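Let's take a walk through a protein together.

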Amino acid sequence: MNFKRISMITVLAAAQVSMAFPAAAESPDITAPALNSQSALQSPVEGQSQQSGEQQTDLQQAEETSATPKETPSDSVEGTISDPNAEPSASNEQQEDTQNDPSDNEVSENEEGSPSGDKPEVSTSEFSANELVLMMNSNVMYHNGKKYKAGQPMAVKQGVSYVAIRAMVERAGLKLSYDNKTKETIILKDGNELRFTTGSSHYKVNGQVRPMKGPAYQSSNVFMVPLTAITQALDIPYQVNQSEKKVILDLSGMGSNDNGEQPSGNNGGGTGSEVPNIPNLGPNDLILMMNSNKMYQNGKAYTAGQPMAVKNGVSYVAIRSLVDRVGLKLTYDGKTKETIIIRGNDELRFKTNSSVYTVNGVRKSMKGPAYQSNNTFMVPLTSITQALDISYRVDQPNKRVILSLSSKPVASFTVQPGEILAGQTTVTYKTNAYSPTGLAIVDEHWEGREEIFDEPGVHTVSYSVQDSSGEWSDPYILSIQVSAPNTPPVAMFETDKQEYKIGEKITYINMSYDNDPGDELTYKWENNDQAFFTAGTHKVLLIVTDKHGATSSYEKIINVTSEVLYTRDQFNQLFTGIGDKYTFDGAAVPTWKLMPITRSSEPYLLIRSNSPETVYQEGIVYREVGNASTRFMIHHLNATGKNMKMYVVATNINTMTARLTTEYTGLGGPINIPTATGKAAVQRYLESMQSADAFKTISLAPGESRIILQDLSSQTLKNQQVLSMFADLYSDSPIRYDVIMIDEAKDPIQKLPYLKLHPSDGVHNRGTYPDSTRIIESYDLVGNTPTRLALGDKTNDPNLEGYDGINGSYQSNAGNFGVLYKIKLHRVAPNTLITLNPRGGKYMGAMMVNGNIIQTPNTSGGAVSAPNEAAVLYRTGNYEQTVEILFTAAPGSSLPINILLQPLPQLKN
């Protein structure tokens with residue numbers, strides 16, 4: 001029988017219909033002992049709403065919200081085709097919560113056959129035998145052509161539809177009884193037994209504890225239970241006739257198991273002959289049949305929403321079916337569009353079409369992407385078993401997978417910090433406990449637990465929990481290594497002399513130590529200048545800290561005489577470390593003589609993708625066709641408000657196979673400091689030039705598109721983070737390149753044809769520029785007088801000219817970012833200092849000087865600032881030398897810069 005999905009409004013209307021029976025059926029002999037001539041049901045108890053663990057029927061779908069998806073939330077309507085990439089729909093829960101509850105006023109019941117003479121509102125010929133018809137927006141119902149009026153309306157509490165249990169029993173032909181010992185109300189039908197307890201969100205079906213969508217309760221002395229608890233357990237199908245405002249329960253179909261994942265077998269839940277007989281099977285183990293929607297647990301057969309499927313070698317299961325059988329909680333986050341599994345403190349989050357999921361906040365890869373099939377959310381089986389440590393075995397001959405589950409509660413815990421010191425460390429215990437059957441954890445037991453362990457050595461701690469059925473978990477035992485107490489370090493240093501001249505270099509000798517083996521020390525110096533330039537005494541302080549935070553300090557007095565050895569400028573030029581920066585008077589630099597040079601270029605096509613620099617929505621930020629040698633300079637900031645990724649997609653636009661080689665690359669970021677990402681990208685780009693081992697060649701078939709530059713696409717770009725990249729490529733035929741920013745969960749190849757081409761932001765530069773490798777050579781003797789080489793200033797170093805690859809407009813490459821400068825100074829005078837001096841603002845980058853990569857400045861130096869700071873690149877010795885420099889401007893920094901050459905001061909003894 002096919003049943004249509006029903007809307008939330010339909011169910012809320014149906015919720016107003018009462019389930020009743022003739023007064024003659026109210027006789028107390030059917031139930032347990034009476035209280036005050038009423039049904040022997042317990043007094044109402046306030047219970048907490050809880051989701052049902054069973055597969056949803058149509059009625060449940062209406063009751064559910066997006067926080068409790070079926071297989072996965074969906075906007076699809078039966079008979080339509082869903083976009084495979086559509087996100088799950090948002091919740092209707094708020095709408096349902098605002099509906100008015102039915103009136104609490106008592107309604108009198110009429111005798112069977114309606115002796116009051118009321119004329120039936122619906123023709124009795126319309127009803128099939130043994131159908132129970134509930135009229136919407138009315139207290140009227142019909143059974144076998146007779147009209148009845150409800151004694152207690154169906155109620156909706158916290159999104160759950162409740163029905164008076166006696167009304168359901170009378171009309172469905174069930175038997176009702178009461179167990180005084182266990183205080184349980186019992187329904188019996190053809191050997192099946194359902195047991196309910198007031199205030200409890202769990203009930204028993206043939207002895208198996210199952211969750212209900214909400215707790216049983218009593219209203220006006222009538223015992224109320226979730227309707228789906230009965231329809232599911234007894235397989236009562238139903239359909240909704242919206243046009244005639246009625247809900248029809250097919251009582252003759254009880255046990256047919258037509259709808260959802262329900263126990264199958266004899267009489268709606270018996271073991272049946274089809275249940276496999278497997279040796280050494282645990283009482284709660286779950287059997288999944290390959291290429292089938294059949295599952296078996298506790299001797300009963302169940303039907304999943306979709307068969308277990310294999311796609312590209314990956315086994316997929318319907319997430320709802322597995323969650324229900326394993327005893328987990330399923331919910332949905334409408335803001336992040338994630339389906340969530342919860343077990344104790346463990347949380348798993350999945351997204352449609354993403355092969356990445358999070359386990360307790362940590363991103364992990366799955367063997368394949370989650371997807372929807374017929375509105376059923378499918379995920380790789382191993383993503384759940386691995387994350388939740390569920391062991392399983394594969395029975396290949398019988399085509400089944402057996403998950404080892406236990407009904408016992410499970411306890412575990414971790415301790416922090418990682419290193420525990422006797423008598424000093426306060427230990428933090430983080431517990432994780434859950435019941436595989438969904439029962440509440442009500443008690444715990446510890447042995448050996450201490451907040452502070454007094455003695456070093458191995459300490460054994462065990463933790464156990466008890467569930468609401470009284471069953472205890474196996475103890476979880478952890479051996480905790482407690483180390484001996486920490487001793488503080490000892491700070492100490494010496495200097496190579498006791499007295500110094502002004503400007504004389506001081507050598508500091510660190511003699512600090514720690515008696516604890518393997519202890520890591522950090523050092524903080526105060527006033528430890530390489531030289532002092534005023535006479536008198538100078539205090540130098542050293543503070544030493546070990547990894548546990550214990551500290552020690554030592555102070556020494558440095559005596560400086562009035563005799564001058566070097567001025568500050570002389571000292572800085574002679575002794576500032578390579579890559580370090582120093583301060584000088586940069587105002588005179590523009591008056592220095594320009595270095596005589598020759599300039600030429602190599603045919604390297606530059607694709608500069610830097611505008612819009614700040615990206616507010618996904619799309620294509622640059623597109624160009626490149627042939628032969630092609631260089632990328634990419635620099636973008638994510639301002640979309642969500643996690644994104646950047647890709648370069650190469651497409652072969654030829655009729656023949658194309659070969660594409662990635663030669664040199666360098667990636668910076670993702671972080672939120674643009675200058676730092678640019679510096680890192682340049683440094684790694686230069687490092688890749690020191691080895692050709694990283695060259696990688698691929699072949700592209702005609703029309704084929706493929707993601708290249710995997711270092712770029714492997715990074716998740718969070719909101720307000722920046723990525724910078726340089727890459728040199730070579731192709732044997734024209735290739736179209738697309739630089740895109742897109743949601744991290746989306747497939748860039750699939751989405752490429754539909755992505756928007758972004759316009760430039762009008763501030764930053766982008767473009768395609770030929771001849772982007774610039775060769776600068778000097779053949780004259782330089783360095784014997786102050787000389788400068790200006791780069792990126794447009795006047796002495798002309799901008800490359802090109803065009804915008806998207807709109808074709810003329811572009812001038814301001815700053816010449818992306819240009820690789822090969823500088824060769826054939827004759828550099830002896831004792832020459834070579835430095836980098838920014839002229840446009842702050843600069844953070846790197847250069848290669850005579851094969852050595854020099855940071856400008858070194859990591860601890862921050863940035864070099866214009867115009868009065870310089871970073872040391874090189875010093876020649878006592879002989880004339882050739883100096884070769886590789887330079888490319890770091891994205892995020894300011895241009896122009898000057899490379900300065902000047903004579904070194906004379907060394908003094």
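How many helices and strands does the protein have? There are 11 helices and 63 strands; helices (H or I, at least four residues) and strands (E, at least two) are DSSP runs, numbered from the N terminus. Before going further, keep in mind that this is a predicted model, where local features need pLDDT of at least 70 and side-chain atom pairs count only at pLDDT 80 or more, while totals for chains, interfaces and linings use all residues. Residues are numbered from 1 along each chain as its sequence is written, and side-chain values use heavy atoms, with hydrogens and water left out.

Now for the whole protein. Of its 909 residues, 51% count as buried, where buried means under 20% relative accessible area, exposed over 50%, and partly exposed in between (1.4 Å probe, protein chains only). The protein exposes about 39,800 Å², and carbon and sulfur atoms supply 47% of that; accessible areas come from the Shrake-Rupley method with a 1.4 Å probe, and for residues only the protein chains shown count as cover. Take the contacts (heavy atoms within 4.5 Å) with a separation of 6 or more: residues 24 or more positions apart account for 70% of them.

In soluble globular proteins, nonpolar side chains tend to be buried together. Here, the largest nonpolar core has 42 residues. Such a core is a set of buried Ala, Val, Leu, Ile, Met, Phe, Trp, Tyr and Cys residues joined through side-chain atoms within 4.5 Å. L791, I823, M847, F887 and I899 have the most contacts inside this core, and strand β57 (residues 820–828) gives the most to it, with 5 residues. Leaving out residues up to four places away in sequence, L791 touches several others, including I776, Y821 and F887.

Next, find an open sheet of 6 strands, in the order β41-β61-β58-β63-β54-β42, with mixed pairing. Two strands pair if DSSP finds at least two bridges between them. Because β41 (581–583) and β42 (593–594) each have a single partner strand, one side of each is left without a neighbour in the sheet. β41 pairs with β61 (residues 869–875) in the antiparallel sense over 3 bridges, and K581 has A871 as its bridge partner in β61.

Is helix α6 (residues 319–326) mostly covered or uncovered? Mostly covered: 8 of its 8 residues are buried, among them R320 and D324. After α6 comes G327, whose phi is positive, near 85°.
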